[in-house]
Amino acid sequence: MSSHKIAVIGGDGIGPEVVEAGVKVLEALAAVEPGLAFDFRRFDWGSDYYRRNGRMMPQDGLTQIEGFDAIYFGSVGDPNLPDDITLWGLRLAICQGFDQYANVRPTRLLPGLTGPLRPELGKQIDWVIVRENSEGEYAGVGGRAHRGLPIEVGMDVAVFTRTGIERIARFACDLAMSRPRKLLTVVTKSNAQRHGMVLWDEVVREVVRDHPGLTVDWMLVDAMTQRMVNKPGSIDTVLATNLHADILSDLAAALGGSLGIGSTSNMDPSRNRPSMFEPIHGSAFDITGKGVANPLGAFWTASLMLDHLGEPAAARRLMVAIETVTDRGEYLSPDLGGVANTAEVTAAVIAALSGANSTSSSGLPG
Ligand code: NAD
Ligand code: MN
């Protein structure tokens, strides 16, 4: 029996609340799933760490976690610290430091949930959004000059490289081919951004040519938002740039019922370095400390992590337990229209785990 070494970084706000709930669920899963075991190690990095040490994580932080099998992450962001400091000091430092270039976000309307769309449309949502996670609009290239003067300037340069586009396009094509519909929608904005996004289109087109049998269509990002709302069933796998996919995936999570359900993997597909799994939501200052955060996004995320760790049966079992709870509708958090708190939703999923062993999937192949 091999034990999976997981680095647990709760971070800020509701991050630690949902991640600790997730650890409880994973421990309960290990108790019922033959051969499954975890070795969790907590890292208290984040904004409180910053207040004590002047940085979001230790200087050798990446070295401390590079030997782990996966990273289970909450969120970063603090009402009293600048968001660019907290995000770049921890989450982006890990994503970019470990070259986790593929950010993958499955969305489905889970059983029993309605979401904001008309029921017949909501039911059609079964998407995976692939977000380029290493460059583009979040490359971190740019600068500020002439601070405080009337001529002050601030610039962010979106960086697109052939290598960066090609590898994420390959990942997205392979993922789309592994799903039954073999359908990929490539999101772009090459009408307005005439350099980087035009290169994006050209390189993706080359990669698509290597995938006979894959159906591909192209959307400008603004039009994509209305297609997600009006024709959700026409979409399966989506490839988009760092910023575009960030925005589209919050929309996707909301259409699936709540931002509190959305799940993410930040993958290094080469597996040279650990991948990082996190709910898509942030610190949620408005509900921090109240014990009402929806932990389902963190649980779905844990299911993605299990798939990545080569534990597809456990991943399915967890997903079935989550769906049992949403389907019954008895223990839903306020963001889903219920009255259950984090602990009650967690207990309900743990109770459902003992019964859950049939067929469902996290949305990703193992
Ligand atoms: P947010 O996701 O924190 O919150 C948006 C809204 O959704 C809030 O009303 C919140 O209460 C609600 N919500 C989010 N998660 C929920 C959950 N699990 N259960 C119930 N309701 C939930 O987004 P924001 O307000 O734009 O950002 C707050 C902070 O989080 C900022 O500092 C931002 O930079 C940071 N952030 C971090 C990450 C990350 O670490 N990956 C992602 C997004 C935002
Ligand atoms: Mn986001």
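**Reading the terms in a predicted model**

Modeller: R271 lies in the loop between strand 11 (263–267) and strand 12 (275–279), where strands are DSSP runs (E, at least two residues) numbered from the N terminus. This is a predicted model, in which local features need pLDDT of at least 70 and side-chain atom pairs count only at pLDDT 80 or more, while totals for chains, interfaces and linings use all residues. Residues are numbered from 1 along each chain as its sequence is written, ligands are numbered from 1 in the order in which they are written, and side-chain values use heavy atoms, without hydrogens and water.

Biologist: What makes the phi of R271 worth a remark?

Modeller: Phi of R271 is near 60°, a positive value in a residue other than glycine. Most residues other than glycine have a negative phi.

Biologist: Why is C95 called buried?

Modeller: Buried means under 20% relative accessible area, exposed over 50%, and partly exposed in between (1.4 Å probe, protein chains only). C95 has 1% relative accessibility, so C95 counts as buried.

Biologist: Why is A284 called partly exposed?

Modeller: The relative accessible area of A284 is 26%, which lies between 20% and 50%, so A284 is partly exposed.

Note on methods
Helix = DSSP H or I, 4+ residues; strand = E, 2+ residues; numbered from the N terminus.
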